[in-house]
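Please keep the viewer open while you read.

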Amino acid sequence: MIIFKIELRLLLFLIIAFIFTTAIGTVSHEYGHFVAAKFRGINMQIHYAYTSYIYDGNLRGADNFDKFIVTLGGPIQTMLTGTLGLILLFIFQKNQKACTLNFKHWFCIFLSLFWLRQTANFTMWMIGYLLEGKFSTRCDEIRLAKYLELPNWSIILSTAFLGFIITMIVIFKFIPVNKRFTFIIAGFAGGISGYMIWLELLGKIIMP
């Protein structure tokens, strides 16, 4: 069936795109924390998958409100980028042919999939519970919920749901039927490869 057809050339292109998007998405998320810190007059340094405070004597330390704003900066950057990508997809839709996508469309698709981070975070949060018997409190969404005195699951679950809905819209509305299976396979292969290459290998060397 055409729905299960794999285009090898497209598959390779998409896997590479997912690998790069994983790295770029991770660093840009941390840049969101960095910009939020600068907005509050706090100095921070961006690393491959986290951002650290710098107490250099020239800029003040962070209080609880500052930490809330800094924590918020990462998810806001990620979700705003994803939302921009989705809006652009709707704008460019009239120029999209039934079975083809140009570079502009693919670029917007990958921008919109920044939202997928929220769903992936929730999935890893649940897997962590199944493996360790307790929920992690390290991710941004859990910290934000604590700052706002909300249930720990409230923000991570709601944004994960939004991320899932947006991903489904992108796949089933903007990706032609004959390319969907290739895209989904590439997403799994490229996402896992991107995680291993950036977070486990190169990221620690390039941005320690």
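The largest nonpolar core has 23 residues, a core being a set of buried Ala, Val, Leu, Ile, Met, Phe, Trp, Tyr and Cys residues joined through side-chain atoms within 4.5 Å. This is a predicted model, in which local features need pLDDT of at least 70 and side-chain atom pairs count only at pLDDT 80 or more, while totals for chains, interfaces and linings use all residues. Residues are numbered from 1 along each chain as its sequence is written, and side-chain values use heavy atoms, with hydrogens and water left out.

**Nonpolar cores**

- Leu14, Trp106, Ile109, Phe110, Val170 and Phe183 are the residues with the most contacts inside the largest core.
- Helices H1 (8-39), H2 (64-92), H3 (103-112), H6 and H7 (177-206) each give two or more residues to this core; helices here are DSSP runs of H or I with at least four residues, numbered from the N terminus.
- H1 provides the largest share, five residues.
- Phe183 touches Leu14, Phe18, Trp106, Ile109, Phe110, Leu113, Ile171 and Ile175, leaving aside residues up to four places away in sequence; contact means heavy atoms within 4.5 Å.
- A second, separate core has six residues, among them Phe68, Leu144, Ala145 and Ile155.

- Asp140, Glu141, Ile142, Leu144 and Ala145 are buried in helix H5 (residues 140-147), where buried means under 20% relative accessible area, exposed over 50%, and partly exposed in between (1.4 Å probe, protein chains only).
- The cover over these buried H5 residues includes H1, H2, H4 and H6.
- Asp140 forms a salt bridge with Arg117, with the closest N and O atoms 3.6 Å apart; a salt bridge is a side-chain nitrogen of Lys or Arg within 4 Å of a carboxyl oxygen of Asp or Glu.
- That pair links helix H5 to helix H4 across 23 residues of sequence.
- Glu141 also forms a salt bridge with Arg117, at 3.0 Å between the closest N and O atoms.
- Shared partners join Arg117, Asp140 and Glu141 into one network.
- After H5 comes Glu149, whose phi is positive, near 60 degrees.

- Five salt bridges are found in the whole structure, including one between Lys179 and Glu7 (3.4 Å, N to O).
- Lys179 lies in helix H7 and Glu7 in the segment before H1, so this pair ties together parts 172 residues apart in sequence.
- Lys179 is buried, with a relative accessible area of 12%.

**Around helix H6**

- Thr119, in helix H4 (residues 116-132), has a side-chain polar atom 2.9 Å from the backbone oxygen of Ala160; a polar contact is a pair of N or O atoms within 3.5 Å, and within protein one must be able to donate a hydrogen and the other to accept it, with residues adjacent in sequence counting only if both atoms are side-chain atoms.
- Thr119 also touches Gly163 and Phe164, again not counting residues up to four places away in sequence.
- Is Thr119 buried or exposed? Thr119 is buried, with a relative accessible area of 15%.
- Phe164 belongs to helix H6 and is partly exposed, at 41% relative accessible area.
- Ser158, in helix H6, reaches the backbone oxygen of Ile155 with its side chain at 3.1 Å.
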